[in-house]
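Take a moment with the sequence and the model before reading on. The paragraphs below walk through one part after another.

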Amino acid sequence: MTAPTYDLGKLHGGLRLPAHKSDATAQPIRDVPLPPQLILPITQHVGDPAQPVVGIGNRVLKGQLLAEPDGTVGAPIHASSSGKIIAIEPWPVARRLGDNGPCIIIECDGDDLAVEHEGLTADYLSLQPADLLLQILDGGIVGLGGAVFPTAQKLMQARTCDIDFLILNGVECEPYISCDDMLMRERAAEILSGAQILMHAMQIDICYVVVESDKPEALNSLGGALGELDDDRLILKQVPTIFPSGGEDQLVQLVTNREVPSGGLPTDVGCLVQNVGTAAAVHDWVINHEPLISRVTTVSGDGIANPMNVRARIGTPVADVVEFTGGYAERPEHLIIGGPMTGRSVSTDRVPLVKATNSILVVHRTSFQGRELACIRCGDCASVCPVQLQPQQLFWYACADDEEKLREFGLTDCIECGCCDLVCPSHIPLTADFRIAKGRIQELADEKARAERARQRFEARNERLEREKKDRDAELARQKASAKQAGPEAIAEILKRKQQESEDD
Amino acid sequence: MEFERRESPYWSARVAVPSLMLQVLAALVPAAIAHVWFFGPGFIFNLLVASIFAVGGEALIMYLRKRPPEVALTDYSALVTAALLTFALPSLTPWWVTATGALFAVVVAKHLYGGLGFNLFNPAMAGYVVILVAFPMHLNLWIAPRIGDIDYQFLTILQTLKFTLTGSLPEALGFDAVSRPTPLDVMKSGLNGLRTVSEIRANPIMGDFGGRGWEWIGNFLALGGFWLLIKKIIRWHIPVGVGIGVLLPAGIMYLIEPGTNPSPGFHLFGGATILCAFFIATDPVSAATSPKGRLIFGVGIGLLIYCIRTWGSYADGVAFAVLIMNMAVPVIDSMTRPHIVGHGKTGGAS
């Protein structure tokens, strides 16, 4: 099956990386059994933490609401299985900031009894788009490509823009990760159904389903499902396999030749991007009324004995997932949640699998080591940067801590894809350096804002003091003037009073 | 189970600076062999002297800068500098001349600016210009190439070694007996003497395009250069730029007045143009950094080479052209910044 590759925009740079996917795609997706405990962080999405609505000791059913969004951006969290809440406490999680996050811990009873969701209809076409959006909001669905932005809110934001295309992102460009590939192979119909639901909710008439050329099985199965569906609003597109074309902005550029403005969103150029896994989750919620309580994840890497894709309940500890696949191989030295390019290295396998976990990667230490040397300005980094930055210049200014130049050379546009790192012959950890520099710029901006507020307060105080002083001076002057005016009579009166007093004695 | 943490990405480059430098050295080997074939074993002695002083100088300055010397020594960049300097030298060069150039290149041009990655000027060319200005006599001692019917006096290995160490020739031989003006010198003095190009080219030292022997070295340098291009160690922009910069004015002038202007082929093969295009101007540290910038950088060098050869007082102008364009790099870089995606199509220069 070959899908059309015409009409593609051009992505600057990028890398053709060794895929390392065939190990994990050799067998179908397997289900991880229920673990004894489920650990559900209350922050599994971009935005504010969800607020628990259950207490310790409560019994909960599968699919029951555990925590709901509080604030502008957030997604609800549901119980992945039935059991008893035994704790709500900090637990190791895979996040960049801090090692522990508050989690709701469920001791599973093994019955896996599901809660009845009332008032839901599978006949979504009968719903108004706005009502359908509200329904999607309750499903706890977030972007499953890794960004975990709450899907319903992304859709609501997009409703405020003119959207031309829904782009279904089946471009899984990071090495090792194959969970979307497997999902497309096994659940193509559900993915397309999810796309149709999203199109109805958004009233969009064109949906591009975009898949990389190195996934013939996924293309085949999507093609077959499309044929059965006979919906000409859905168009399958094939793109070349180049990292990082699966990034949202990069995919938009590739598929529509539109450039997402710096600091903007794909919706600014009329595109709404959703991961194929998200579309399947939307289908599961709207049609089958199952909220997002499980996901497919790839377990792979040199440190994994038997790489495969598994479907596991959200909250399953990574250790249990790995054990199910057959445990660690020799020298499991680094545990990475996510892909080898942009994933997060964590220190323990006690971390739970969360909505964002598209991959559990265990690798040897030696797979990536090299001594850092001086930058020779070879420019290889600039030639692979998908945003067309000049990492060699950014590195220079990051070393010099030159905030102004860093901004001017677009540090904040860096998507941290890691391409520059990979080609650097001097083995400079550019991405990590840029991450630090970004943090510092943010800090400086915060500090500036704080200083600005302090300055305003100080000026306001000075003004107030000045005003008070003026008022006091004016009062004094008034008193003086009145004393002056009333001068001779007042003195005479005082003298008179004194005289009287002495007479009284 | 506990794991070691690390920052993403979790892969690193398959290439490393030391291997890049070694491949540059490897690409120079065929031309070096040709050099020894045509101009005798002096090249090897010069290379040894240059390497010893470049590497020794680097170790010393790293020690003085309180940096671990092995870091600089194992990137092989000093050896590349030494090799490039050696290609610029006549095969008969006394050791102190070579040593001065190598030391200046590594100590002053490279490390006093901060070491590898921070030098504004191409170290080899900076070193070469210093000795060119300080010892002009010694850099004129090109011997005739060992080819065809050219009347050449070939020195034995021992005689060459003795010259390298002492700067004196065997008593029976004077400088006039062994040295010959280079093709560029012949061309320059011929044109200054109001002779036509075709008359000058009748000199047996002249080959098909440039000078005999020199042409072959040029061919082998180009071979090495193409190999570096294929291996993606250098990119095409600078070599093409230098080519355009030299050939365009040379071609135009040759078409207008072939009697007094040597052909573009002569400019390409007559001096160090090919060495410059593939090996000298492509030093990434002192070159412009964006593709467009590199093209401009290359064209600038090419034009300057042509101008210095044609109107300057030096026969060849590669070293000066490279150093002058090194100075222009910050301006070129700031004028050729690529457009950052998401900043509108017209972004870039500011």
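Chain B of this predicted model is divided into two domains: domain 1 covers 16–180 and domain 2 covers 181–337. Their C-alpha centres lie 20 Å apart. The two domains touch through 34 residues of domain 1 of chain B and 30 residues of domain 2 of chain B. Which elements give two or more residues to the domain 1 side of this contact? They are α1 (17–39), α4 (77–88) and α6 (123–134) of chain B. Helix α1(B) supplies the largest share, 11 residues. By class, the domain 1 side of chain B holds 26 nonpolar, 6 polar and 2 charged residues.

Now take chain B as a whole. It has 16 helices and 0 strands. Its C-alpha atoms fill a box of roughly 80 × 50 × 30 Å along the principal axes. A compact globule of 350 residues would have a radius of gyration near 20 Å, and chain B, with 21 Å, agrees with that. Of the 350 residues in chain B, 53% are buried. Consider next the contacts in chain B with a separation of 6 or more: 74% of them join residues 24 or more positions apart.

Chain B also meets chain A. Here 32 residues of chain B are in contact with 51 residues of chain A. The chain B side of this contact divides into 16 nonpolar, 9 polar and 7 charged residues.

Move over to chain A. Its domain assignment gives domain 1 (123–290) and domain 2 (372–505). The centres of these domains of chain A, taken over C-alpha atoms, are separated by 44 Å. Their contact takes 5 residues from domain 1 of chain A and 5 residues from domain 2 of chain A. On the domain 1 side of chain A, 2 of the residues are nonpolar, 3 are polar and none is charged.

Next comes a sheet in chain A. Four strands form it, in the order β11-β10-β9-β12. The sheet is open, and the pairing is parallel. Which strands sit at the edges? They are β11 (234–239) and β12 (271–275) of chain A, and each pairs on one side only. From one strand to the next, the twist averages 25°. Inside the sheet, β9 (residues 165–170) and β10 (residues 206–212) of chain A run parallel and are joined by 6 bridges. Here L168(A) has V209(A) in β10(A) as its bridge partner. Helix α8 (residues 276–286) of chain A packs on the sheet and touches β9 and β12 of chain A. The direction of α8(A) makes about 80° with that of β12(A).

V276(A) has its place in helix α8 of chain A. Is V276(A) buried or exposed? It counts as buried, because it has 31 C-beta neighbours inside 10 Å. Setting aside neighbours within four places in sequence, V276(A) is in contact with several residues, among them L168(A), N169(A) and G170(A). Its contacts also include D180(A), L183(A), M184(A) and I191(A). I314(A) stands 38 residues away from V276(A) along the chain, and their C-alpha atoms are separated by 18 Å.

Other strands of chain A pair as well. Strand β7 (residues 83–92) of chain A pairs with β4 (residues 59–60) of chain A in the antiparallel sense, over 2 bridges. R59(A) has K84(A) in β7(A) as its bridge partner. β7(A) also pairs with β8 (residues 100–108) of chain A, antiparallel, over 9 bridges. There P90(A) stands opposite P102(A) in β8(A).

Finish with strand β17 (residues 359–363) of chain A. Why is β17(A) largely enclosed by the rest of the structure? Because 5 of its 5 residues are buried. S359(A), L361(A) and V363(A) point one way from β17(A), while I360(A) and V362(A) point the other way. β13 (residues 294–300) of chain A pairs with β17(A) in the parallel sense over 3 bridges, and V299(A) has I360(A) as its bridge partner. β15 (residues 334–337) of chain A pairs with β17(A) in the antiparallel sense over 4 bridges, and H334(A) has V363(A) as its bridge partner.

Definitions and conventions:
Residues numbered from 1 in each chain as written. Chains lettered and ligands numbered in written order. Predicted model: local features only at pLDDT ≥ 70, side-chain atom pairs only at ≥ 80, totals over all residues. Domains from an automatic or database assignment. Contact = placed C-beta atoms within 7 Å. Nonpolar A, V, L, I, M, F, W, Y, C, P; charged D, E, K, R; others polar. Pairing = 2+ DSSP bridges. Axes fitted to C-alpha atoms, helices over the stretch in contact; angles between N-to-C directions. Rg over C-alpha atoms; globule rule 2.2 N^0.38 Å. Buried ≥ 20, exposed ≤ 12 C-beta atoms within 10 Å, placed from the backbone.
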